[in-house]
Amino acid sequence: MLKIPTTLHIMQNISTSRSHFKETFSLLISLVDDEKFLNSVDKAASIIAATIEKGNKIMSCGNGGSMCDAMHFAEELSGNYREARPAYPAFALSDASALTCIGNDFGFENVFSRQVEAIGKEHDVLFAISTSGNSPNILKAAEAAKSKGLIVVGLTGKDGGKLKSLCNHEIRIPWDGYSDRIQEIHIMCIHAIISGVESELKDKEL
C-alpha cells in the first residue's frame, strides 16, 4: 500500500532541499566574485578554441559523474550548444569495450592513459576531470598526455590534488566538502567554456 507522506515529512524534505540549494548558491557566489577563477575558465575556452582552430582535437575523461560531465562536454562540442556552427573535433574516452578491455588487461588505472597513448597527438587537448584531483587513472592519463606533447586542461576541486602539477592549465573549485557541490559547479564551467569556444570561433574558417 502506498504510504502518503505526512506534512511533517514534507516540511523536513523542504528543509533538506533548501540547505542543498543554499550551500551551492553560497559557493557559486564566492566564485562569481573571484577574478582568478573566472579568468581560469575564460583561458580554458581560449586554449580549446585555439586547439580546434589549428586542426587538433579535444579528448575528455572522468570517473562516475565526472565521466558523464566528460561526455556532456564532448557532445556539446562535436554536436551543438547554442550557435549554428561546424562540428568541433571532440570526444570522451568513454567507449565501454575499450574501458573494459584495457581495465581487464592492464588495470583500471590505465583505462584512459592507454587510449591517450593510442590516439593522442602533439598539441591536442586532454580535458581531465577529477573532483579530488587524485584519481589514479586521471593522473595516468595526464602523464601520458604530457609525454606525448598534449595540452592538459584540468577541471578539479578541493586543493587540486596531484593533478594540478600535471596540468598546463587548471580550473579549480576550492571546496573541501562533499564532491557533489564541486560537480554542480563543474557543469556550469563546462557550459561557460563551450560558450566561450563558440564565441571565439564564430565566423572563422575551420
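This report describes the sheet, the helix packing and several individual residues of a predicted model.

Residues are numbered from 1 along each chain as its sequence is written, and side-chain values use heavy atoms, with hydrogens and water left out.

## The sheet

Five strands form an open sheet in the order β2-β1-β3-β4-β5, with parallel pairing. Helices (H or I, at least four residues) and strands (E, at least two) are DSSP runs numbered from the N terminus, and two strands pair if DSSP finds at least two bridges between them. Axes are lines fitted to C-alpha atoms, for helices over the stretch in contact, and angles run from 0 to 180 degrees between N-to-C directions.

Strand β1 is joined to β3 by four bridges, and the two run parallel; S60 stands opposite F127 in β3. Five bridges join β3 to β4, again in parallel, and here A128 stands opposite G154 in β4. Strand β4 (residues 151–157) is in turn joined to β5 by five bridges, also in parallel. G154 has E170 as its bridge partner in β5.

Which residues of β3 point one way, and which the other way? V125, F127 and I129 point one way, L126 and A128 the other, and all are buried. Buried means under 20% relative accessible area, exposed over 50%, and partly exposed in between (1.4 Å probe, protein chains only). Because five of the five residues of β3 are buried, this strand is largely enclosed by the rest of the structure.

## Helices on the sheet

Helix α3 (residues 65–78) packs on the sheet and touches β1 (58–61), β2 and β3 (125–129); its direction makes about 160° with that of β2. Helix α6 (residues 136–147) lies across β1, β3 and β4, and runs at about 165° to β3. Contact means heavy atoms within 4.5 Å.

## Helix–helix packing

Two packed helices are described by the angle between their axes and the distance between the axes.

| Helix pair | Angle between axes | Distance between axes |
|---|---|---|
| α2 (residues 35–53) and α7 (residues 179–201) | about 50° | 8 Å |
| α3 and α7 | about 15° | 10 Å |

The angle makes α2 oblique to α7, whereas α3 and α7 are therefore roughly parallel to each other. Angles under 35 degrees count as roughly parallel, over 145 as roughly antiparallel, 65 to 115 as roughly perpendicular and the rest as oblique.

The crossing of α2 and α7 is right-handed. On the α2 side the contact is made by F37, V41, A44, A45, S46, I48, A49, I52 and E53, and on the α7 side by C189, A192, I193, G196, V197, E200 and L201. These residues of the α2 and α7 contact comprise 12 nonpolar, two polar and two charged. Ala, Val, Leu, Ile, Met, Phe, Trp, Tyr, Cys and Pro count as nonpolar, Asp, Glu, Lys and Arg as charged, and the others, Gly among them, as polar.

The crossing of α3 with α7 is also right-handed. A crossing is right-handed if the near helix is turned clockwise from the far one by less than a right angle, and left-handed if anticlockwise. G65, S66, D69, H72, F73, E76 and L77 of α3 meet Q183, H186, I187, I190, H191, I193, I194 and V197 of α7. The contact of α3 with α7 has seven nonpolar, six polar and two charged residues.

## Individual residues

H186 belongs to helix α7 and counts as buried at 0% relative accessibility. Neighbours within four places in sequence aside, H186 is in contact with D69, I129, S130, T131, L155, T156, G157 and I173.

Y178 lies in the loop between β5 and α7 and is exposed, with a relative accessible area of 72%. Its C-alpha atom is separated by 29 Å from that of A145, 33 residues away along the chain.

Most residues other than glycine have a negative phi. H123, in the loop between α5 (113–119) and β3, has a positive phi of about 80° although it is not a glycine. At 40% relative accessibility, H123 counts as partly exposed. D203, in the segment after α7, has a positive phi of about 70° and is likewise not a glycine. With a relative accessible area of 74%, D203 is exposed.
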